[in-house]
Amino acid sequence: MKTLDVRVWRGGADGRYQGFEVPREESQTVLDVVTHIQRKQEPTLAYRFACRVGMCGSCAMTVNGVARWTCRTHVDAVAPDGRLEIAPLRNLPVIRDLVTDMREFFDKWARAKGRFQGRRTRRDDFERVAPDSEARKQVDAAIECIGCAVCYSSCDVVAWNPDYLGPAALNRAWTLLRDVREAANPERLRAVAGDAGCHACHTHLSCTERCPKQISPTAGIAGLKRAAAAAALKGEL
Ligand code: SF4
Ligand code: SF4
Ligand code: FES
């Protein structure tokens with residue numbers, strides 16, 4: 001039987017890699033490998049997943065040096081030589097093994113005012129945006145983010161400046177900025193135009209290259225920079 005040579009991060013930030021030999025299987029994903037280790041070899045291994053189909057965003061890890069969704073990453077695509085090194089996401093505190101603490105990631109969504117705030121009350125009917133309208137197209141490019149933090153983990157500016165809001169929160173702010181139903185955009189623009197916001201992005205593009213949903217946070221951040229400059233010229237910032 002063919003096997004994979006797998007090294008998995010164990011412990012907290014000061015942990016170490018532990019080696020495992022895992023049977024090679026057809027159509028095997030990296031999440032299948034981690035699950036095999038946890039179920040058959042090392043039941044104390046901590047990791048996180050839920051949907052297994054690329055919808056929940058909870059299974060992201062660093063695989064052979066690159067942040068990825070493990071449930072949609074086939075071993076064939078990333079380990080042609082049969083070697084896998086699996087670690088927690090970068091740029092987030094490690095709780096244990098492959099599990100990171102996502103609080104600062106989601107706190108930054110809150111800081112970027114990533115919550116939709118419409119004008120209608122709960123007694124009103126839903127405000128609809130027609131699927132084929134220009135208004136809907138404005139948000140389509142960036143709305144499918146599932147909060148997996150692959151982009152955040154791949155961003156060097158986050159590594160240098162832990163205060164930086166990061167690509168996912170800024171992408172979310174951009175999506176809401178273009179939403180015709182949104183009522184809180186002046187505050188949102190002020191929240192993302194500071195030193196730790198859109199102007200800190202160095203346009204390295206790692207977020208855009210790695211996003212498994214083919215979103216371009218870089219393009220959204222460029223849009224925020226333009227919007228912030230226009231608002232500043234009008235004296236609105
Ligand atoms: S922008 Fe892409 S990589 Fe970043 S959190 Fe959203 S889905 Fe994940
Ligand atoms: S484009 Fe900006 S947000 Fe994206 S990885 Fe580069 S510096 Fe980070
Ligand atoms: S387990 Fe849900 S995205 Fe991978």
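This is a predicted model: local features need pLDDT of at least 70, side-chain atom pairs count only at pLDDT 80 or more; totals for chains, interfaces and linings use all residues.
Local features require pLDDT of at least 70 and side-chain atom pairs count only at pLDDT 80 or more, while totals for chains, interfaces and linings use all residues. Residues are numbered from 1 along each chain as its sequence is written, chains are lettered from A and ligands numbered from 1 in the order in which they are written, and side-chain values use heavy atoms, without hydrogens and water.

**Exercise 1.** Determine the strand order of the sheet and its edge strands.

*Solution.* Step 1. Helices (H or I, at least four residues) and strands (E, at least two) are DSSP runs numbered from the N terminus, and two strands pair if DSSP finds at least two bridges between them.

Step 1. Strand 1 (residues 3-10) and strand 5 (residues 83-87) run parallel and are joined by four bridges; here aspartate 5 stands opposite arginine 83.

Step 2. Strand 5 is also joined to strand 3 (residues 60-63), by two bridges and in antiparallel fashion, with threonine 62 opposite alanine 87.

Step 3. The five strands form an open sheet of mixed pairing, in the order 2-1-5-3-4. Strand 2 (16-23) and strand 4 (66-69) are the edges, each pairing on one side only.

**Exercise 2.** Locate helix 1 relative to the strands.

*Solution.* Axes are lines fitted to C-alpha atoms, for helices over the stretch in contact (heavy atoms within 4.5 Å), and angles run from 0 to 180 degrees between N-to-C directions. Helix 1 (residues 30-41) lies across strands 1, 2, 3 and 5, and runs at about 95° to strand 2.

**Exercise 3.** Describe the shell around ligand 2.

*Solution.* Step 1. With a cut-off of heavy atoms within 4 Å, 13 residues surround ligand 2, the closest being Cys155, Tyr164, Cys201, His204 and Cys207.

Step 1. Helix 9 (206-210) and helix 10 (217-233) each supply at least two residues of this shell.

Step 2. The shell holds eight nonpolar, five polar and no charged residues, where Tyr and Cys count as nonpolar and Gly as polar.
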